Amino acid sequence: EGEALTTGQGVSVVSDSLAGGMQAMKFTSTTVSSGTVSLSGASNRVVVRAKGDQCNGAPNMLVNVDGKLLVNANVSGGTWGDYTVDLSAALPTGSHTVSVQMTNPYTGYKGKSRNVSCTRALFVDSIQFQDTTVTAVDASAPTTSITSPASNSTVSGTVSISASASDDVGVTKVELYIDGA
């Protein structure tokens with residue numbers, strides 16, 4: 001959750017009923033908020049739930065993981081939205097440092113009238129790390145055959161038997177049973 005990040009001047013924790021009754025981080029300056037997450041499995045997608053208060057433009061959000069920029073988004077919506085980035089290389093299991101920053105704060109007046117003051121703000125509710133790797137489903141039965149001795153041959157004595165097996169997902173072992181043993 002966003003509120004688990006450390007805060008500095010220009011960043012506050014606010015309640016927001018649209019965030020599911022939870023708290024969110026509110027950025028009004030370029031202060032960096034950071035924290036550590038521990039991933040129990042690999043992650044190849046980052047999803048940041050954010051919204052922005054517009055004031056002569058939209059807030060820009062940077063999300064870094066382990067010092068690498070993963071999300072650079074112009075948060076133009078005043079309602080909660082998901083900003084999703086698929087990673088070219090998955091984040092491995094373990095601890096990672098996450099930081100969030102708004103890069104273009106603004107406090108001033110809206111429009112030409114100079115009578116309506118406004119503050120540009122970025123709100124971050126959550127940062128999710130997801131594994132979207134699809135595990136192959138074994139949709140068909142394997143095929144097997146005895147390749148030696150040839151079918152319908154009569155054999156005696158010690159005989160070597162060879163078999164083959166294939167499957168759409170993969171074969172991990174082949175077992176040969178004779179009379180149930």
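Me: Among contacts in the protein between residues at least 6 apart in sequence, what share joins residues at least 24 apart?
Reply: This is a predicted model, in which local features need pLDDT of at least 70 and side-chain atom pairs count only at pLDDT 80 or more, while totals for chains, interfaces and linings use all residues. Residues are numbered from 1 along each chain as its sequence is written, and side-chain values use heavy atoms, with hydrogens and water left out. Taking contact to mean heavy atoms within 4.5 Å, and looking at pairs at least 6 apart in sequence, the share that joins residues at least 24 apart is 65%.

Me: What percentage of the residues in the protein is buried?
Reply: A residue counts as buried when its relative accessible area is under 20%, worked out with a 1.4 Å probe on protein chains only. Of the 181 residues in the protein, the buried part comes to 31%.

Me: Which strands are at the edges of the open sheet of four strands?
Reply: Strands pair if DSSP finds at least two bridges between them. In this open sheet the pairing is antiparallel and the order is β3-β8-β5-β6. The strands that pair on one side only are β3 (33-39) and β6 (68-74).

Me: Which residue in β8 is the bridge partner of Ser38?
Reply: Strand β8 covers residues 94-102 and runs antiparallel to β3, with seven bridges joining the two. Within β8, the bridge partner of Ser38 is Ser95.

Methods:
Buried < 20%, exposed > 50% of the residue type's maximum accessible area, 1.4 Å probe, protein only.
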